[in-house]
Amino acid sequence: MRSITTLLAPALLWLPSSLADSDTATTRNLKRGIAFTPNENWPDDDRYWAEAAEKGAVSWYYNFGWEASAAYKSVPQSTFEFVPMMWGAGTANGTDSYFAGNISDVIDKGRAISHVMTFSHPDGTAEDGGPVIKPRIAARSWVNNAVPLQQKGVKVGLPIVGDPYNWVTPFLANCSDILNKTAGKRDGEAKPECKFDFIPITSYGDMAVLEDRVATFANAFPGVPIWLIEYGFNDQDLPKTQKFFNESLAFVEASKSVERYAWFGACRSIVSNVGPNAAMLNPYGELTDIGSWYLGGNATGLEAIPTDQPTEAACTPEKPCGSGPKNGASGARIDGLVMSLLAVGAVFVLFF
């Protein structure tokens, strides 16, 4: 069964003209990136994102860690920029400087790191899947890691939080206070403040949610670029997912507040924890419509979860196509199909 392809036109309208044909793309889309969530069972899938970068459909990626992914270590930053993330504090009291040391070593070895992100949802709960860090601890870790990198010219993102006030206000106050105590400033000099260069945010919900998220942070910090590092309308049927994809793509491309964005779904549908229809790949590792559109191509007509039953290469209990949920996203729910496969302890193998 073929998926809805009548929604194709809006997606392509918001690509640079040179990206409308994935075989001829030459102009880089500097906004569009990949939230890279590799799966060890299907390493060949990693090629899609690198090939898209070579053609200019995407230009950057992150993997929730500080080290570039093995699949792309030989790819230059100018082609596929890696953005490291300090996911949490290196020690419970925030006194470490591991992240700054690691990134400095990477830079010294020749990888031109220009941006880093910090603390993935430190304001959440353990159930949310992020690090739970008190503002004062995060502030100490920031001074030990982010500030030294800023002194090297690296741009640093504000911690990724649910709202721009409740956790951020005491974090910035504690951070600046630590700087004041350690700066050794002279009389008359301005008090140092902790500063950030861009604002990474996430959004899961419909267009109203997305627009509100962007507006809320843009209004809280006027003029500071926003990076929408995870977004989607999770756990929706195919028509709603594709409609949101096209409308949201138009919105983020046109937005002057959004400097970069990454649709969350760079995985096979069977391991997607934001619903199978948001995934860029079907169970066989082929691009869905959304996957192809996002990478600058045309509709493929391939559903995220096929509803037909081909005589060969079918996803069945005896020959499942999937694997466990290795693609984490804060606040996202794990697809029921994945849970059922995990419950029976299946070993998943892809058959061609």
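F80 is found in the loop between β2 and β3. Strands are DSSP runs of E with at least two residues, helices are runs of H or I with at least four, and both are numbered from the N terminus. The model is predicted, with local features needing pLDDT of at least 70, side-chain atom pairs counting only at pLDDT 80 or more, and totals for chains, interfaces and linings using all residues. Residues are numbered from 1 along each chain as its sequence is written, and side-chain values use heavy atoms, with hydrogens and water left out.

F80 is buried, at a relative accessible area of 1%. Buried means under 20% relative accessible area, exposed over 50%, and partly exposed in between (1.4 Å probe, protein chains only). Leaving aside residues up to four places away in sequence, F80 touches R28, I34, W49, A50, A53, V58, S59, W60, Y61, Y72 and V75. Contact means heavy atoms within 4.5 Å. The C-alpha atoms of F80 and G33 lie 8.8 Å apart, across 47 residues of sequence.

The largest nonpolar core holds 86 residues. Such a core is a set of buried Ala, Val, Leu, Ile, Met, Phe, Trp, Tyr and Cys residues joined through side-chain atoms within 4.5 Å. I34, W49 and Y294 touch the most other members. Helix α4 (residues 135–151) gives the most to this core, with eight residues. With residues up to four places away in sequence not counted, Y294 touches R32, G33, I34, A57, V58, F245, L249, Y261, A262, W263 and M280.

Helices α6 (residues 207–220) and α7 (residues 238–254) pack at an angle of about 20 degrees, their axes 10 Å apart. Axes are lines fitted to C-alpha atoms, for helices over the stretch in contact, and angles run from 0 to 180 degrees between N-to-C directions. The two helices are therefore roughly parallel, a class for angles under 35 degrees. The contact is made by M207, L210, E211 and V214 of α6 and F244, E247, S248 and F251 of α7. These residues divide into five nonpolar, one polar and two charged. Ala, Val, Leu, Ile, Met, Phe, Trp, Tyr, Cys and Pro count as nonpolar, Asp, Glu, Lys and Arg as charged, and the others as polar.

Most residues other than glycine have a negative phi. F64 has a positive phi, near 70 degrees. F64 is found in the loop between β2 (60–62) and β3 (81–82). F119 also has a positive phi, of about 50 degrees. F119 lies in the loop between β5 (115–118) and α4. F119 is buried, with a relative accessible area of 0%.

Definitions and conventions:
Parallel < 35°, antiparallel > 145°, perpendicular 65-115°, else oblique.
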